[in-house]
Amino acid sequence: MSELTFNLDKERRIRKNSEYRLVYKHGNYEVGRFCVVYRMPVAKQATRIGFVTGKKVGGAVERNRARRLMKEVYRLNQHAIREGYAIVVVGRARMASATYDQACKEMMYLFKKSKLLKSNEA
């Protein structure tokens with residue numbers, strides 16, 4: 001059996017503006033207090049994810065902290081997420097002041113609500 005790795009490789013990230021727009025336009029979403037999770041099924045591909053924070057989150061320091069927090073929650077829980085999706089997590093203003101536990105609870109709840117968790121994790 002393969003060993004679990006906790007890296008967030010570049011191939012698993014959404015990096016192009018056009019890819020983000022595609023997920024926004026054709027995907028479904030779930031809204032929470034700290035973030036919004038957009039998801040779009042993509043056939044026969046690995047799950048790819050992108051992290052975004054808007055200008056309303058605060059200055060650059062707060063926006064970067066919010067993105068780092070969202071990345072860390074995903075990185076540690078990526079093995080529970082189904083394959084075959086494009087996911088965009090948009091941080092809202094409260095994410096900048098959230099603790100790791102708050103962010104983790106919220107994101108995992110939204111992933112579960114979006115049916116992105118593997119069946120045995122739900």
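Throughout these legends, a residue is called buried at under 20% relative accessible area, exposed at over 50% and partly exposed in between, computed with a 1.4 Å probe on protein chains only. The structure is a predicted model, in which local features need pLDDT of at least 70 and side-chain atom pairs count only at pLDDT 80 or more, whereas totals for chains, interfaces and linings use all residues. Residues are numbered from 1 along each chain as its sequence is written, and side-chain values use heavy atoms, with hydrogens and water left out.

**View 1. Lysine 44 in the loop between strands E2 and E3.** Helices (H or I, at least four residues) and strands (E, at least two) are DSSP runs numbered from the N terminus. Lysine 44 is not a glycine, yet its phi is positive, at about 55 degrees. Its relative accessibility is 86%, so lysine 44 counts as exposed.

**View 2. Helix H3, residues 100–113.** The expected span of a helix is 1.5 Å times one less than its number of residues. For the 14 residues of H3 this gives 20 Å, which agrees with the 20 Å between its end C-alpha atoms. Buried residues of H3 are Ala103, Cys104, Glu106, Met107, Met108, Leu110 and Phe111. They pack against strands E1 (28–31), E2 (35–41) and E4 (85–91) and against helix H2 (60–77). An α-helix has 3.6 residues a turn, so residues three or four places apart point the same way.

**View 3. The packing of H2 with H3.** Axes are lines fitted to C-alpha atoms, for helices over the stretch in contact, and angles run from 0 to 180 degrees between N-to-C directions. The two axes lie 10 Å apart, at an angle of about 60 degrees. H2 and H3 are therefore oblique to each other; angles under 35 degrees count as roughly parallel, over 145 as roughly antiparallel, 65 to 115 as roughly perpendicular and the rest as oblique. With contact meaning heavy atoms within 4.5 Å, Leu69, Met70, Glu72, Val73, Tyr74, Leu76 and Asn77 of H2 meet Tyr100, Ala103, Cys104, Met107, Met108 and Phe111 of H3.

**View 4. Lysine 115 in the segment after H3.** Lysine 115 has a positive phi near 60 degrees, although it is a residue other than glycine. With a relative accessible area of 60%, lysine 115 is exposed.

**View 5. Valine 61 in helix H2.** Valine 61 counts as exposed, at 64% relative accessibility. Between valine 61 and glycine 27, the separation is 34 residues in sequence and 29 Å in space, C-alpha to C-alpha.
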